[in-house]
Amino acid sequence: MDYIRRPPGLIRVSRRNLAVRYRAAAVGPKMGPMRQQWADYWMFLREFRRTFESTGAVLPSGPALGHALAHFVREGASGSNGGGRRILEVGPGTGAVTGHIVRALRPGDELELVERNDDFVDRLRDRLQSDEMLRPSADRITLHHAGVEELPEDRPFDVIVSGLPLNNFSIAFVDELLGKLGRLLAPGGTLSFFEYVAIRHMKASLSRRAERERLRGIGQLLDNFLREHEIRRDRVLVNLPPAWVHHVRLKSK
Ligand SMILES: C[S@@+](CC[C@H](N)C(=O)[O-])C[C@H]1O[C@@H](n2cnc3c(N)ncnc32)[C@H](O)[C@@H]1O
């Protein structure tokens, strides 16, 4: 690991330049929580327009969806080695779900975040330094500025929470991502992810043939995956839009 000093905090950068771990720095909040929330909404909308495919949502997840996604962080068993758990959040965006995960961390747990959007990474860095909720846990949170597909697979995770907008990707990429998430899971580990209720069908009915084919292919992949591995499903109506949260444990692990 190399250390670089950049005001206002000490930043640790891994050799592969992927991981950025923050030591909390002595900075106060820059805006009140309400203004910050509006700023996050605005950032999300802007990123949705700029990078529609990978952002995949107009708004960050609401509290009920964040709570449902963090179910196995709250309720799950202890780590595969009997100690603290390794937890991964994929696509944390502005950190709307991260707060729910952090609240449920137990002593010894470690959280890794992997986000590929530059602006969201900057926002998360900022929150790790100054946000009342995240800052106290910052020394056990590692932020990777990368796509999840680039993460090494040598240290699997007990819990994975994913915000990836799977319906926006190609069928081949969704297949690759499901395989990757499976390889990142430790034996007995759980993967939780969401999809908006009925969005795939609605989009398909308004789309041209090629797009309908793509959405149908993703639907088939997800149906097969869930038929085999889903252990729990939550419907979150109090979210814009309403969402299904799928919780999965791989049978083959
Ligand atoms: C629908 S948003 C969810 C954001 C946040 N989890 C929430 O619920 O508000 C999808 C997020 O996944 C990120 N993302 C998309 N593709 C990714 C990839 N291959 N690896 C890591 N993050 C990715 C996007 O940049 C975005 O932050």
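Predicted model: local features only at pLDDT ≥ 70, side-chain atom pairs only at ≥ 80, totals over all residues.
Colleague: Hello! What makes up the protein, in helices and strands?

Modeller: Welcome! The protein has nine helices and 10 strands. Of its 253 residues, 35% count as buried.

Colleague: Why is phenylalanine 169 called partly exposed?

Modeller: Phenylalanine 169 has 18 C-beta neighbours inside 10 Å. A buried residue needs 20 or more and an exposed one has 12 or fewer, so a value in between is called partly exposed. Phenylalanine 169 therefore counts as partly exposed.

Colleague: Where does phenylalanine 169 lie?

Modeller: Phenylalanine 169 sits in the loop between β7 and α7. Its C-alpha atom is separated by 9.6 Å from that of glycine 56, although the two residues are 113 apart along the chain.

Colleague: What makes β4 largely enclosed by the rest of the structure?

Modeller: Five of the five residues of β4 are buried, so the strand is largely enclosed. Both of its faces are covered, with Arg86, Leu88 and Val90 buried on one side and Ile87 and Glu89 buried on the other.

Colleague: How do you know that β4 and β7 pair?

Modeller: Two strands pair if there are at least two bridges between them. β4 (residues 86–90) and β7 share four bridges, in the parallel sense, so by that cut-off they pair. As an example, glutamate 89 has valine 161 of β7 as its bridge partner.

Colleague: Which strand pairs with β4 over five bridges?

Modeller: That is β5, again in the parallel sense. Here valine 90 has valine 114 of β5 as its bridge partner.

Colleague: Which helix makes a right-handed β-α-β unit with β7 and β8?

Modeller: It is helix α7, residues 171–184.

Colleague: Which members of the largest nonpolar core touch the most other members?

Modeller: They are Leu69, Ile101 and Ile160, in a core of 47 residues. In soluble globular proteins, nonpolar side chains tend to be buried together.

Colleague: How do you know what isoleucine 101 touches?

Modeller: A touch is counted when two C-beta atoms lie within 7 Å. Leaving out residues up to four places away in sequence, isoleucine 101 touches Ala70, Val73, Ile87, Glu89, Leu111 and Val161.

Colleague: And the ligand: how many residues surround it?

Modeller: There are 23 residues around the ligand, and the closest are Pro60, Ser61, Gly91, Gly93 and Gly163. α2 (52–55) and β5 (110–115) each supply at least two residues of this shell.

Colleague: What makes up the shell around the ligand, by class?

Modeller: The shell has 11 nonpolar, nine polar and three charged residues.

Note on methods:
Residues numbered from 1 in each chain as written. Near = placed C-beta within 6 Å. Nonpolar A, V, L, I, M, F, W, Y, C, P; charged D, E, K, R; others polar. Core = buried A, V, L, I, M, F, W, Y, C linked by C-beta atoms within 7 Å. Right-handed = clockwise from strand over helix to strand, strands pointing away.
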